[in-house]
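Please open the structure in your viewer and keep the selection tool at hand. The tour below goes from one selection to the next and says what is there.

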Amino acid sequence: MQATMKQANSAVMAADQRKIGKVAVLGSGVMGSRIACHFANIGLEVVLLDIVPFSLNEKEEKKGLTLEHPAVRNRLVNDALTFALKSKPSPIYDKDYASRITTGNFDDNLGLIADCDWIIEAVIERLDIKQSVFEKVEQHRKPGTLISSNTSGIPIHMLIEGRSDDFKKHFCGTHFFNPPRYLKLLEVIPTPETDPAVTDFFMHYGDLYLGKTTVLAKDTPAFIANRVGVFSIQAVMHVMREMGMTPKQVDALTGPIAGRAKSATFRTTDVVGLDTMIKVAKGVYDNCPDDEARDIFLIPDFVKKMEENKWLGDKTRQGFYKKTKDENGKRQILALNLDTFEYEPSEKPRFASIAAAKPIDDLKERLKVLHGTGDKGSEFLNKVAFHLFRYASNRVPEIADEIYKLDDAMRTGFGWELGPFEYWDVLGAGKMVATMEAAGFEPAAWVKEMLAAGNESFYKVEAGERKVYDLATKSYISIPGADAFIVLDNLRDQKPVWKNSGTTLHDIGDGVLCLEFHTKMNAIGSEVLEGISTAINIAESQGWKGLVLGNDAPNFSAGANLGMIFMLAIEQEYDELDFAIRAFQNTVAKIRFSSIPVVAAPHGMTLGGGCEIVMHSDRAVASAETYIGLVEMGAGVIPGGGGTKEFALRASDAYYNGDVQIPRLQEYLMHIATAKVATSATEAFNMGILRKGIDTISVNGDRAIAKAKETVLELAAAGYTAPKPRTDVHVLGRAALGTFLSGVWGLQVAGYATEHDAFIAQKVAHVLCGGDLSYPQKVTEQYLLDLEREAFLQCCTTQKSLQRMESILKRGKPLRN
């Protein structure tokens with residue numbers, strides 16, 4: 001194992017020596033244009049090329065253009081990129097990054113690839129066309145340039161037939177998943193002629209720079225994720241028909257309740273396209289004659305009929321579901337009745353298993369209930385699991401040598417929270433084998449061999465390190481590269497440094513602590529505030545080097561506990577409410593002024609109070625996919641945990657650095673008044689929530705806690721000194737307040753803001769300007785916090801604010817703009 005780790009480290013060092021500055025993407029379709037955007041996201045120059053149109057369109061004819069006009073010749077690529085940039089969710093972190101992409105066509109501009117460091121082919125899925133493109137590429141490509149294909153199923157080795165030795169040596173399959181910005185999987189598929197150093201580079205670069213979970217796959221039909229994922233969808237369809245169930249019922253059982261994507265099974269198929277699923281299924285059926293479950297890939301009759309009707313999903317505006325409007329013009333979603341082939345309104349499916357599992361937050365415990373209730377829902381899930389577990393076990397070592405690769409691929413390519421073997425472990429490896437065999441499902445022989453040897457699970461944790469069962473050595477091994485990540489779930493078996501009902505304080509090594517929130521949606525209530533304060537006290541008093549605030553949940557924090565605020569406000573317990581807001585303010589102040597460095601690792605939704613915690617940390621190492629903002633306006637209040645004060649302070653700092661203060665304050669006022677949420681960490685920098693030159697971005701969010709730990713150690717090694725509360729915050733008072741109040745009034749008169757919106761916006765402006773001061777002057781942070789808290793309490797006294805809070809609580813979803 002030591003030799004293996006040394007080889008892995010050497011590979012990483014070699015990979016680091018190759019630099020990528022410019023990338024070419026050949027083909028601007030749905031995948032190509034979005035792959036280009038993601039490379040632009042990480043700061044690279046990108047050349048995006050496509051074919052020249054065969055004919056003029058109507059607009060071009062009216063303008064009198066010819067096929068030789070540059071606008072015509074680049075129309076396909078430019079239209080594709082424009083469409084991608086307008087799509088939701090956006091493929092790009094910041095609209096300005098689109099300027100990094102140069103467009104062109106294969107006939108006129110293929111020479112641009114000569115100075116590219118990596119060429120990615122993403123043209124139509126036809127072998128002859130891809131081979132033709134590669135023949136032309138070889139005429140311009142400089143030796144040593146990396147080249148790869150984004151094919152989703154064509155055998156990789158067939159693509160390089162007739163190419164030079166240098167081309168073959170530097171060629172690999174790099175299969176991105178759509179949308180490339182958001183789905184983390186990158187399958188790397190080398191050929192026998194690929195230089196191992198090139199394979200290592202793709203694995204390393206994809207992880208570190210593109211933010212991907214890179215999975216080394218074998219050159220087999222559909223590779224890993226599509227092979228297992230489409231099998232799973234096909235198995236679901238077969239079991240559904242066998243049990244006389246409906247797509248709506250199946251989606252209720254195979255969505256978030258079971259740790260799968262919100263779009264579940266049939267909504268996912270509509271989004272991806274039924275034709276795409278059919279193509280992959282047919283490809284596996286045709287090219288895998290020895291697959292023991294080959295018949296599962298046969299297309300069901302109802303799917304064939306949908307294909308004939310061109311009911312392919314979103315791309316044809318109807319598939320398993322159809323969006324329409326009722327007689328009142330209200331939007332509704334109809335579900336396809338597979339017996340009558342009519343679209344019908346459908347009632348919410350009701351299963352005892354779902355009712356029993358829904359209150360359970362922990363996925364692993366929830367799955368046990370879902371599978372063990374004994375109703376029709378449980379029976380369905382068990383049958384589908386039998387198919388999945390047998391199939392996954394039989395694919396090792398055919399499509400990958402190690403089982404963790406299948407789990408990584410399914411989690412990051414299909415949005416499963418647990419891969420098939422992780423899922424199997426939750427239900428009990430041995431227990432499920434016995435149940436499967438009783439139902440006529442025989443797992444792979446190696447699974448029974450593993451259990452017979454006394455190994456009870458596919459994974460286990462030893463001394464905080466997760467290990468996986470290895471077929472080759474018949475023992476548990478460390479997962480290569482896992483030492484670069486800190487996974488808090490691996491520390492569950494260790495005694496925590498401290499914990500309460502809402503937080504756990506972990507020792508993550510090298511003298512650094514990590515406080516993990518684990519309330520529902522990581523909402524911040526008294527238990528989280530106590531956890532933060534205690535963690536800092538322990539770190540300061542016991543000689544720890546610093547503290548990371550981070551977790552492995554989907555979201556960093558959905559904000560303060562709104563239910564508690566609502567109850568105190570509705571009962572007019574204003575002294576208690578004042579105490580609660582002071583406690584929050586004191587906690588973020590403790591983060592800011594503690595004697596040890598505190599580094600936050602935000603990711604996902606980081607809203608309201610979660611945003612305020614990040615803003616008061618010494619540093620933030622934000623996942624690129626951090627959706628952060630001060631959204632309290634939506635609940636009828638202003639940011640009261642130091643967020644409004646912090647914007648006032650940052651505007652003051654900008655003033656001291658020569659900036660004009662009023663435009664900066666106006667920008668911050670609009671962020672708060674519109675409850676604006678950054679759609680990426682990059683946008684959070686532009687909004688002033690993250691600080692340029694201080695905070696950083698981790699493109700791979702899985703590395704954020706490890707990077708935050710490194711930042712703590714760097715700050716400690718540099719002789720960290722606690723900052724002092726500010727007494728020099730420059731505020732403008734009436735000099736700006738009058739302007740802002742007039743502007744708010746104007747928005748109200750014009751109908752852009754309600755009377756209540758205007759009331760809250762005025763409170764925000766009051767704090768940002770330092771109150772009703774007669775002239776600009778310096779104030780303390782505490783003065784601004786007092787203003788902020790007073791304004792927050794005043795908002796809580798209004799009936800409209802209480803109604804907003806109640807509405808949000810009934811909806812059960814976090815605030816977002």
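How many disulfides does a search of the whole structure find? The search finds 0, where a disulfide is a pair of cysteine sulfur atoms within 2.5 Å. Select C288 to begin: this residue is in no disulfide, and the nearest cysteine sulfur, that of C172, is 20 Å away. C288 is buried, at 5% relative accessible area. Here buried means under 20% relative accessible area, exposed means over 50%, and partly exposed lies in between (1.4 Å probe, protein chains only). Next select C611, which is in no disulfide either. The nearest cysteine sulfur to that of C611 belongs to C795, 18 Å away. C611 is buried too, with a relative accessible area of 0%.

A note on the model before going on. It is predicted: local features need pLDDT of at least 70, side-chain atom pairs count only at pLDDT 80 or more, and totals for chains, interfaces and linings use all residues. Residues are numbered from 1 along each chain as its sequence is written, and side-chain values use heavy atoms, with hydrogens and water left out.

**Salt bridges**

A salt bridge is a side-chain nitrogen of Lys or Arg within 4 Å of a carboxyl oxygen of Asp or Glu. Across the whole structure, a search finds 55 of them. Select K467 and E462: they form a salt bridge whose closest N and O atoms are 3.2 Å apart. K467 is buried, with a relative accessible area of 18%, while E462 is partly exposed at 34%.

Now select R227, D291, E292, R395 and E398 together; salt bridges that share partners join these residues into one network. Within this selection, R395 and E398 form a salt bridge, with 2.7 Å between the closest N and O atoms. Is R395 buried or exposed? R395 is buried, at 3% relative accessible area; E398, at 32%, counts as partly exposed.

Move on to E422 and R466, whose side chains meet in a salt bridge of 2.8 Å, N to O. E422 lies in helix α20 (residues 420–427) and R466 in strand β13 (residues 465–470), so the pair ties together parts that are 44 residues apart in sequence. Helices (H or I, at least four residues) and strands (E, at least two) are DSSP runs, numbered from the N terminus. E422 is buried at 7% relative accessibility, and R466 is partly exposed at 24%.

**A nonpolar patch**

Select I51, F54 and L76, which form a nonpolar patch on the surface with about 310 Å² of accessible area together. Nonpolar patches are made of Val, Leu, Ile, Met, Phe, Trp or Tyr residues with over 30% relative accessible area and no salt bridge, their side chains joined within 5 Å. Accessible areas come from the Shrake-Rupley method with a 1.4 Å probe, and for residues only the protein chains shown count as cover. L76 is in helix α5 (residues 75–86) and is partly exposed, at 31%.

**An open sheet**

Which strands make up the open sheet of 7 strands? The order is β15-β16-β17-β18-β19-β21-β23, with mixed pairing. Two strands pair if DSSP finds at least two bridges between them. A600 stands opposite A620 in β21.

Definitions and conventions. Patches are made of residues with over 30% relative accessible area and no salt bridge: like charges are joined within 9 Å, nonpolar side chains (Val, Leu, Ile, Met, Phe, Trp, Tyr) within 5 Å.
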